[in-house]
Amino acid sequence: MEYTLKDYKSSTKPSWCPGCGDFAVLAALLTTMTDLQLDPDDTAIVSGIGCSSRFPFFTSTYGFHSIHGRALPVAIGLSAARPDINVITLGGDGDGFSIGGNHFIHASRKNPDITYIVMDNEIYALTKGQNSPTSHDNVITKVNPYQAVEERVNPIMMALSFETSFVARGFSGDIAQLKSIIRQAMDHKGFSFVHVLSPCVQYNDKITFDSIKEHIKPIADDHDVTDRMAGMKLVFEPGYYYTGVIYKQERPTLQEKLDEVQSKAHPGHPEGQQVEELIQQFM
Ligand SMILES: Cc1ncc(C[n+]2csc(CCOP(=O)(O)OP(=O)(O)O)c2C)c(N)n1
Ligand code: SF4
Ligand SMILES: [Mg+2]
């Protein structure tokens, strides 16, 4: 049986504002799932809370619309319990880098085999426009009416320094490139992070499709994706948002490590601690 886009799309019409960048991410994800012929019954979409976290409503795979900032721990737990299924996690910049920032560090360390797509609109949109950890300091909102008081975080730099094993950036104004990036992220064995510049047309007029387009630069074909320092240099080149795959590293996944631990814990394994010996320690 061949799956078509209809098998992944739910009957719920996306409730995003017309022109929201998140539509492009949904389109890119649905077509990638179709290209990969993922079994919808073996696929789960996990999200946090935010406009960008509404994905589970719009897809007909399994879904978990979890808690603000907690998409990653839910996804990691699910992937550890059911390593046979495809786990895709989505959310926003507030969800992922503010309240959930801590989980991003530890997901990177664990390297679960999941794809994490963050739609960065540099604002808390669902709660009607407060500045987020990625907001530029010219974004004036109700919670910072005079000026920004905090520095911005750089999500790509965070990922590179946390040793995230796949790091890429896309733009919701370029669905073809976004599709190719999501495909590579889903093919990657380990924790793949896709940072998507995805404008909010309602609450952030500083980051628009046009303003992003002016600064977009696709990564050159000769960029060495295994060179973390080369990735860091791209991040800091002033005036540009580089798009494409920035960094990729092959290393054991969380599941492979857990399998090793499980085999060592087996009574027959030479390194395994025997249950009887353990009990004796307390006698
Ligand atoms: C524990 C908790 N804290 C705060 C909130 C309120 N809240 C819901 S969404 C959100 C921010 C959403 O921003 P972001 O993650 O960037 O998603 P966007 O709406 O911009 O796509 C906040 C603060 C909540 N639902 N739960
Ligand atoms: S408020 Fe912004 S992020 Fe939310 S649906 Fe509307 S345009 Fe999209
Ligand atoms: Mg946001």
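This is a predicted model: local features need pLDDT of at least 70, side-chain atom pairs count only at pLDDT 80 or more; totals for chains, interfaces and linings use all residues.
**The magnesium site**

The magnesium ion (ligand 3) is coordinated by D93 through OD, by N121 through OD1 and by I123 through O, at 2.1 to 2.2 Å. Along the chain, these donors follow the spacing D-x27-N-x1-I. D93 lies in helix α4 (residues 93-99), whereas N121 belongs to the loop between β4 (115-120) and α6 (155-161), so the pair ties together parts that are 28 residues apart in sequence. D93 has a relative accessibility of 2% and therefore counts as buried, the limit being under 20%. N121, at 9% relative accessibility, likewise counts as buried.

**Two helix pairs**

Two packed helices are described by the angle between their axes and the distance between the axes. The table gives these values for the two pairs treated here.

| Helix pair | Axis distance | Crossing angle |
|---|---|---|
| α1 (residues 22-36) and α7 (residues 175-187) | within 9 Å | roughly 50° |
| α3 (residues 71-81) and α5 (residues 101-110) | within 9 Å | roughly 25° |

On the α1 side, the contact is made by A24, V25, A27, A28, L29, T31, T32, M33, D35 and L36, which meet I175, L178, K179, I182, R183, M186 and D187 in α7. Sorted by class, the contact of α1 with α7 has eleven nonpolar, two polar and four charged residues; the charged residues are D35 in α1 together with K179, R183 and D187 in α7.

For α3 and α5, the angle of roughly 25° falls under 35 degrees, and the two helices are therefore roughly parallel to each other. Their crossing is left-handed. L72, P73 and I76 in α3 meet H103, F104, A107 and K110 in α5, and the residues of this contact divide into five nonpolar, one polar and one charged.

**The start of the chain**

M1 is found in the segment before α1. With a relative accessible area of 82%, M1 is exposed, because the value is over 50%. Although M1 and Q37 are 36 residues apart in sequence, their C-alpha atoms are 9.7 Å apart in space.

How values were computed:
Residues are numbered from 1 along each chain as its sequence is written. Chains are lettered from A and ligands numbered from 1 in the order in which they are written. Side-chain values use heavy atoms; hydrogens and water are left out. Donors are N, O and S atoms within 2.8 Å of the metal (3.2 Å for Na, K and Ca); water is not among the atoms, so sites may look incomplete. Helices (H or I, at least four residues) and strands (E, at least two) are DSSP runs, numbered from the N terminus. Buried means under 20% relative accessible area, exposed over 50%, partly exposed in between (1.4 Å probe, protein chains only). Axes are lines fitted to C-alpha atoms, for helices over the stretch in contact, and angles run from 0 to 180 degrees between N-to-C directions. Contact means heavy atoms within 4.5 Å. Angles under 35 degrees count as roughly parallel, over 145 as roughly antiparallel, 65 to 115 as roughly perpendicular and the rest as oblique. A crossing is left-handed if the near helix is turned anticlockwise from the far one by less than a right angle, and right-handed if clockwise.
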